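Dear colleague,

Please find the structure below for your records. My notes on it follow directly after.

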Amino acid sequence: MLSRQAIRSIRAAAPQRTLARAPVRSFAAAAAPQEVKPPVAVYGLDGTYATALYTAAVKSSSLDPTARALSTLKDLCTKDAKLTTILSTPTLSDADKSAIVAELQKNIGATSTNETVKNFLATLAENNRLGILEGVCEKFGQIMSASRGEVELVVTSAQPLDNKTLSRLESAVSKSAYVGQGKKLKVTNQVNPDIIGGLVVEIGDRTIDLSVSSKLAKMNKLLTDTL
C-alpha cells in the first residue's frame, strides 16, 4: 500500500510539511483535567502508548471514534506486510514520516479528523516508534474490550470452524466459571494447521489445550521417560 514511490510522490506534493511536536503526555493537553484509570493494565512500550492514548481519548470525549480508527489501522497493518516493513524502517526522514502519517490518516477515513488520533500518529512518528503501531492497536483493543465488559475467547483450530460450532462453543463457555457475571464473550477463530486437530481455547488469561499435537507431545514424553 505505502511504497517508496508513494512516499516520494507525497513528499513532492508537500515538500515543506513537517510533523507537529506532540509528545505522549500532550495527547489530551487541551482537555479538561480529570482522573482516568484504564480498566486493565497492558505492558510493554506499546502498552504504554496504548494506555496514554486511551486516557487522552477519554479526556477529549473521543473514545469511540478513536477505537474505530485504531481498529482500522490494525487491519491495515495485518493485511499489508509492506506497510509493516516501511513502518519499521529505522532510516526514515522527517519528510518520510510526515508522508506516512498523512497516508495513514487518509486510510482511516472520517476518523482522520480526530485530533487525538492525529496527535497519536504524529507522536509515534516523532519518537521513531511507528514500528510499534500494530502492537499499540492490539493493546488498545484489549483496553477497549475490558471497558466494554468483554472477555476474549480465542479458539485455535487446524481448519476454520463454522458458525454453528463457534456458537456452541460460545454458549458452553459463557455458562462456565471462566466468564464473570454480566461479561460478554468476544469470539475469535484462529487457524493453525500445526495443531493437527482438536482445539486450543484461550479465555482471558487462561488456556485449555485440547489439540492433537499437545496430546502427541505428551505421549512422546511418556514413551521417552518410560524407555
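Which pattern does the chain follow when read along the sequence? The chain follows α-α-α-α-α-α-α-β-α-β-β-β-α, and its secondary structure comes to 9 helices and 4 strands. Helices (H or I, at least four residues) and strands (E, at least two) are DSSP runs, numbered from the N terminus.

This is a predicted model, in which local features need pLDDT of at least 70, side-chain atom pairs count only at pLDDT 80 or more, and totals for chains, interfaces and linings use all residues. Residues are numbered from 1 along each chain as its sequence is written, and side-chain values use heavy atoms, with hydrogens and water left out.

Of the 227 residues in the chain, 37% are buried (under 20% relative accessible area, with exposed over 50% and partly exposed in between; 1.4 Å probe, protein chains only).

Helix α5 spans residues 94-107 and has 14 residues. From first C-alpha to last it reaches 20 Å, close to the 20 Å expected at 1.5 Å a residue (1.5 Å times one less than its number of residues). In α5, 10 of the 14 residues are buried, among them Asp96, Lys97, Ile100 and Leu104. After α5 comes Gly109, with a positive phi near 65°.

Helix α9 (residues 212-226) contains Leu216, which counts as partly exposed because its relative accessibility is 38%.

Among contacts (heavy atoms within 4.5 Å) between residues at least 6 apart in sequence, 74% join residues at least 24 apart.

Yours sincerely
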